[in-house]
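Please read the following note with the sequence and the model open side by side.

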Amino acid sequence: PTAARTVAGLLREAGEPQKIRKLPFPFSPKGARILRILLENPKESWTIVRLSSEAQVALRLASLAVNWLADKLIVTKERGAIKLAKPKDLLDLWAERYKFREMNKAVGYYSPDRNFEEFKERLRNLPEDRKVRYALTVYGGATLVAPYLRWNVNYVYIQGDARDWAAALELKPVASGANLILAAPFDDF
């Protein structure tokens, strides 16, 4: 500690910017890969190496994320086997920290569709190469499992440039009052 403080002090005195390295946080874009894999396979038992490989992240990041989750009692670690113990708690923690507009590149548009069914039809009519490159989210995604929901704005995750999608869906850009949000996810994993 004393040597580290001395080096930091010398760097400040020399006018050098001090590099502060943040440890990976489990809800960061790369850390979230670990979380998604655990949530998608809640009954599966994992090793750090396998989890790291599956998530395509560094072994250290996987280890830090798992240790953080173990400290919160969300995963169990027994003899090298990592298991998700509390998926609901993990989702709750993630939901507390997740900010849709801050995490994703979101752009607002006006869609002439009068209801969700018309919008779904517009999506169905997309060229085949685009059909695997989008996903309904927020209210639109929720409507698929709870069709009685009422809302004014559709949200769609897209892969690619929002302007290209807007042209394909015949959308108009707006500064305010958007009824459709196209969002490029924070991590395309």
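1. Strand 4 (residues 105-110) is joined to strand 8 by five bridges, and the two run antiparallel. Strands, like helices, are DSSP runs numbered from the N terminus (strands: E, at least two residues; helices: H or I, at least four). Two strands count as paired if DSSP finds at least two bridges between them. Within this pairing, Tyr109 has Leu180 of strand 8 as its bridge partner. As background, strands of a sheet pair through backbone hydrogen bonds, either parallel or antiparallel.

2. The model is predicted, so local features need pLDDT of at least 70 and side-chain atom pairs count only at pLDDT 80 or more, while totals for chains, interfaces and linings use all residues. Residues are numbered from 1 along each chain as its sequence is written, and side-chain values use heavy atoms, with hydrogens and water left out.

3. Strand 4 also pairs with strand 7 (residues 172-173), again in the antiparallel sense, through two bridges. Here Tyr110 stands opposite Lys172 of strand 7.

4. Which strands make up the open sheet with mixed pairing, and in what order? There are five, in the order 5-6-8-4-7. Strand 5 and strand 7 are at the edges with a single partner strand each, so one side of each has no neighbour in the sheet.

5. Strand 5 (residues 134-137) is linked to strand 6 by four bridges and runs antiparallel to it; Tyr134 has Ile158 of strand 6 as its bridge partner. Strand 6 and strand 8 (residues 180-184) are also paired over four bridges, but in the parallel sense.

6. Is strand 6 (residues 154-158) largely enclosed or largely open? Four of its five residues are buried, so strand 6 is largely enclosed by the rest of the structure. Buried means under 20% relative accessible area, exposed means over 50%, and partly exposed lies in between (1.4 Å probe, protein chains only).

7. Strand 1 is joined to strand 3 (residues 81-84) by two bridges, running antiparallel, and Trp46 has Ile82 of strand 3 as its bridge partner.

8. Most residues other than glycine have a negative phi. Leu73, although not a glycine, has a positive phi of about 65 degrees. Leu73 is found in the loop between helix 4 (59-71) and strand 2, and its relative accessibility of 57% makes it exposed. Glu170 likewise is not a glycine and has a positive phi, of about 55 degrees. Glu170 belongs to the loop between helix 10 (162-168) and strand 7, and is exposed at a relative accessible area of 55%.

9. The second largest pocket has a volume of about 350 Å³. Of its 19 lining residues, Arg114, Asn115, Phe116, Glu117 and Trp151 are the closest to its centre. On a 1 Å grid over the protein atoms alone, a cavity is a set of points where a 1.4 Å probe fits but cannot get out, and a pocket is an open set with protein on both sides within 12 Å along at least five of seven lines; lining residues have an atom within 4 Å of a point. Grid points are joined across faces, edges and corners, and the volume is the space filled by probe spheres set on the points.

10. Which helix gives the largest share of the lining of this second largest pocket? Helix 7 does, with four residues. Helix 7 (116-124) and helix 9 (138-145) each supply at least two lining residues.

11. Finally, the overall counts may be recorded. The protein has 10 helices and eight strands. Of its 189 residues, 35% are buried.
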